[in-house]
Amino acid sequence: MTAGGCPTGSSARFAATPTADTGTSETRWQEWFDRRGGWPEVDLPLPVERLVVVSAHPDDEVLGAGALMTAAARAGTEVVAVCISDGSASHPDSPTLAPSELAACRRCELDAASAVLGLEPSRWCGLPDGGRADREPEIEAILVGILDEAPRSRTGMPAVWSHDGHPDHEAVGRCAQRVGDARGVPVWMFPIWMWHWAVPDDPAVPWQRIRTFGLDADALQRKRAAVEEFTTQIHPLSDAPQDAVVLGPHILQRLLRDREFVFT
């Protein structure tokens with residue numbers, strides 16, 4: 001995950017809520033969940049043979065859909081995770097790691113997290129972190145190529161939400177939606193930063209399209225262990241202010257629940 005913002009829509013709301021701030025607290029979300037009642041569930045086995053999971057940064061797929069990916073793989077679905085960017089901009093002014101060194105660390109972290117979840121390593125596309133909106137044709141070409149590897153398979157494509165607030169997330173989500181629409185591939189989107197800037201009953205969020213996937217104690221423990229592999233994101237790189245934590249406890253609380261959320 002890499003923090004960032006842009007000037008319009010959900011991106012503006014994300015940019016106005018710095019990640020160091022608490023955002024909408026997990027306590028507030030849980031109180032709302034209790035009042036709202038249950039959510040429609042994602043059923044397993046999924047109605048696809050192949051799952052192409054698309055992330056903007058090296059950790060998005062684990063944070064947003066790690067348990068669902070593991071469960072799908074165990075049920076016999078081929079899971080192909082695709083990481084678009086190299087994650088090198090999470091600490092842009094770091095005196096400790098150069099961008100190329102940070103990118104190498106983040107790739108190793110993602111591979112380790114995937115192994116904890118029992119998954120194959122993500123496809124590492126390695127596009128420069130940030131400014132994904134300028135490279136949407138390239139992203140779409142990557143996704144088309146991966147779909148073309150198994151053209152006769154029934155495929156589903158979970159991706160970071162196209163209104164998540166982060167400009168890279170939104171660009172990748174838009175690309176996944178366009179490619180899915182063109183190929184007749186269903187696209188399900190998982191929110192990451194939405195839980196930070198949105199509020200309960202937020203009119204900017206299509207709550208009626210949410211489905212959830214429940215995690216048992218073993219799945220939650222495995223997901224937590226996978227997230228621990230993202231050392232550069234959950235611990236400071238050094239004592240320098242530029243090396244501060246990206247995924248603070250207030251953020252992880254919202255992403256390590258006993259259920260995952262996708263928009264259908």
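# Reading helices, burial and rings

Me: Ala226 is found in helix 8. How is a helix defined here, and what kind of model is this?

Reply: Helices (H or I, at least four residues) and strands (E, at least two) are DSSP runs, numbered from the N terminus. This is a predicted model, in which local features need pLDDT of at least 70 and side-chain atom pairs count only at pLDDT 80 or more, while totals for chains, interfaces and linings use all residues. Residues are numbered from 1 along each chain as its sequence is written, and side-chain values use heavy atoms, with hydrogens and water left out.

Me: Is Ala226 buried or exposed?

Reply: Buried means under 20% relative accessible area, exposed over 50%, and partly exposed in between (1.4 Å probe, protein chains only). Ala226 has 0% relative accessibility, so it counts as buried.

Me: Which residues is Ala226 in contact with, leaving aside neighbours within four places in sequence?

Reply: Contact means heavy atoms within 4.5 Å. By that rule Ala226 is in contact with Val62, Ala113, Val116 and Leu117. Ala226 and Glu109 are 117 residues apart in sequence, yet their C-alpha atoms are 9.0 Å apart in space.

Me: How do I read helix 3 against helix 8?

Reply: Two packed helices are described by the angle between their axes and the distance between the axes. Axes are lines fitted to C-alpha atoms, for helices over the stretch in contact, and angles run from 0 to 180 degrees between N-to-C directions. Here the axes of helix 3 (residues 60-74) and helix 8 (residues 217-227) come within 10 Å and cross at roughly 125 degrees. That makes helix 3 oblique to helix 8; angles under 35 degrees count as roughly parallel, over 145 as roughly antiparallel, 65 to 115 as roughly perpendicular and the rest as oblique.

Me: What is the hand of the crossing, and which residues meet?

Reply: A crossing is left-handed if the near helix is turned anticlockwise from the far one by less than a right angle, and right-handed if clockwise. Helix 3 passes helix 8 in a right-handed crossing. Val62, Leu63, Thr70 and Arg74 in helix 3 meet Asp218, Arg222, Lys223, Ala226 and Val227 in helix 8.

Me: How many aromatic pairs are there, and what makes a pair?

Reply: Rings of Phe, Tyr and Trp (its six-membered ring) pair if their centres lie within 6.5 Å; planes under 30 degrees apart count as stacked, over 60 as edge-to-face and the rest as tilted. The structure holds 16 aromatic pairs. In one of them, the rings of Trp32 and Phe33 have centres 5.9 Å apart and planes at 45 degrees, so the pair is tilted. Trp32 is buried at 4% relative accessibility, and Phe33 is buried at 10%.

Me: Which charged ends sit over rings?

Reply: A charge sits over a ring if NZ of Lys or CZ of Arg is within 6 Å of the ring centre and within 35 degrees of the ring normal. The charged end of Arg36 sits over the ring of Trp39, 3.9 Å from its centre. For Arg257 the ring is that of Trp195, at 4.1 Å.

Me: Where does Asp59 lie, and what is its phi?

Reply: Asp59 lies in the loop between strand 1 and helix 3. Its phi is near 155 degrees, a positive value in a residue other than glycine. Asp59 counts as buried, at 0% relative accessibility.
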